[in-house]
Amino acid sequence: MPDRSLRGMSIGSKSMESDEGVDFAPRFQANYDCPNGHTIILPFSTEAEVPPVWECRCGAEALLRDAERPEMKAGKAPRTHWDMLLERRTVKELEELLEERLELLHAGKLRRSA
Ligand SMILES: [Zn+2]
């Protein structure tokens with residue numbers, strides 16, 4: 001009977017297996033240091049936004065221990081075009097250049113390139 005063979009399939013156990021896989025999502029432990037000497041360890045998904053401060057059971061604010069965050073790097077802020085410009089020219093020089101350009105522009109001598 002075709003009806004019987006269908007019921008024999010174990011669909012239930014298959015979906016259980018895929019559910020279990022969710023537990024293997026990337027996680028890491030965030031450590032919070034309380035000023036009163038307590039340590040709080042919380043598991044976070046690597047995609048989750050980790051709060052920098054967590055309220056300890058004693059009521060104090062425990063601070064996130066940065067070293068435990070894999071994506072935290074002691075890098076500096078990315079340089080802007082302005083930062084790079086200032087490495088080559090002083091603000092005074094830039095002011096003079098701008099003044100020069102504006103004069104040419106107002107005199108109609110500045111041709112638009114492209
Ligand atoms: Zn505490």
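Where is the place of Cys58? Select Cys58 and look: the residue sits in the loop between β3 and β4. Keep that loop in mind, as the tour returns there. This is a predicted model.

**Whole chain**

Colour by secondary structure. The chain shows four helices and four strands. The chain has 114 residues, of which 13% count as buried. Take the contacts between residues at least 6 apart in sequence: 26% of them join residues at least 24 apart.

**The core**

Next, select Phe28, Ala30, Tyr32, Cys34, Ile40, Leu42, Phe44, Val50, Cys56, Ala60, Ala62 and Leu64. These 12 residues make up the largest nonpolar core. Strands β1, β2 (39-45) and β4 each supply at least two residues of this core.

Zoom in on Leu42. Leaving out residues up to four places away in sequence, Leu42 touches Phe28, Gln29, Ala30, Tyr32 and Trp54.

Trp54 belongs to strand β3. Is Trp54 buried, partly exposed or exposed? Its relative accessibility is 32%, so Trp54 counts as partly exposed. Show the neighbours of Trp54. Again skipping residues up to four places away in sequence, Trp54 touches Tyr32, Ile40, Leu42, Phe44, Ala60, Glu61 and Ala62. Now draw a distance from Trp54 to Cys34. The two are 20 residues apart in sequence, and their C-alpha atoms are 8.7 Å apart in space.

**The annotated site**

Cys56 lies in the loop between β3 (53-55) and β4 (61-64). Why does Cys56 count as buried? Its relative accessibility is 4%, and buried means under 20%. Set aside neighbours within four places in sequence, and Cys56 is in contact with Cys34, His38, Ile40 and Ala62.

Move to Cys58, in the loop between β3 and β4. Cys58 counts as partly exposed, at 37% relative accessibility. Which residues does Cys58 touch, not counting those up to four places away in sequence? They are Cys34, Asn36 and His38.

**Salt bridges**

How many salt bridges does a search of the whole structure find? The search finds three. Visit them in turn.

Begin with Arg65 and Asp33. Their side chains meet in a salt bridge, at 2.6 Å from N to O. Arg65 lies in the loop between β4 and α3 (81-88), and Asp33 in strand β1 (residues 27-33), so the pair ties together parts that are 32 residues apart in sequence. Arg65 is partly exposed at 30% relative accessibility. Asp33 is partly exposed too, at 28%.

Go on to Arg79 and Glu87. In this salt bridge, the closest N and O atoms are 2.5 Å apart. Arg79 is partly exposed, with a relative accessible area of 48%. Glu87 counts as exposed, at 57% relative accessibility.

Then select Lys92 and Glu96. Their closest N and O atoms are 3.5 Å apart in a salt bridge. Both residues lie in helix α4, four residues apart, which is about one turn of the helix. Lys92 counts as exposed, at 53% relative accessibility. Glu96 is partly exposed, with a relative accessible area of 44%.

**Last stop: a surface patch**

Turn the surface back on. Select Leu98, Leu102, Leu105 and Leu110. They form a nonpolar patch on the surface, with about 330 Å² of accessible area together. Click on Leu105. Leu105 is found in helix α4 (residues 91-106). Leu105 counts as partly exposed, at 46% relative accessibility.

How values were computed:
Residues are numbered from 1 along each chain as its sequence is written. This is a predicted model: local features need pLDDT of at least 70, side-chain atom pairs count only at pLDDT 80 or more; totals for chains, interfaces and linings use all residues. Side-chain values use heavy atoms; hydrogens and water are left out. Buried means under 20% relative accessible area, exposed over 50%, partly exposed in between (1.4 Å probe, protein chains only). Contact means heavy atoms within 4.5 Å. Patches are made of residues with over 30% relative accessible area and no salt bridge: like charges are joined within 9 Å, nonpolar side chains (Val, Leu, Ile, Met, Phe, Trp, Tyr) within 5 Å. Accessible areas come from the Shrake-Rupley method with a 1.4 Å probe; for residues, only the protein chains shown count as cover. A salt bridge is a side-chain nitrogen of Lys or Arg within 4 Å of a carboxyl oxygen of Asp or Glu. A nonpolar core is a set of buried Ala, Val, Leu, Ile, Met, Phe, Trp, Tyr and Cys residues joined through side-chain atoms within 4.5 Å.
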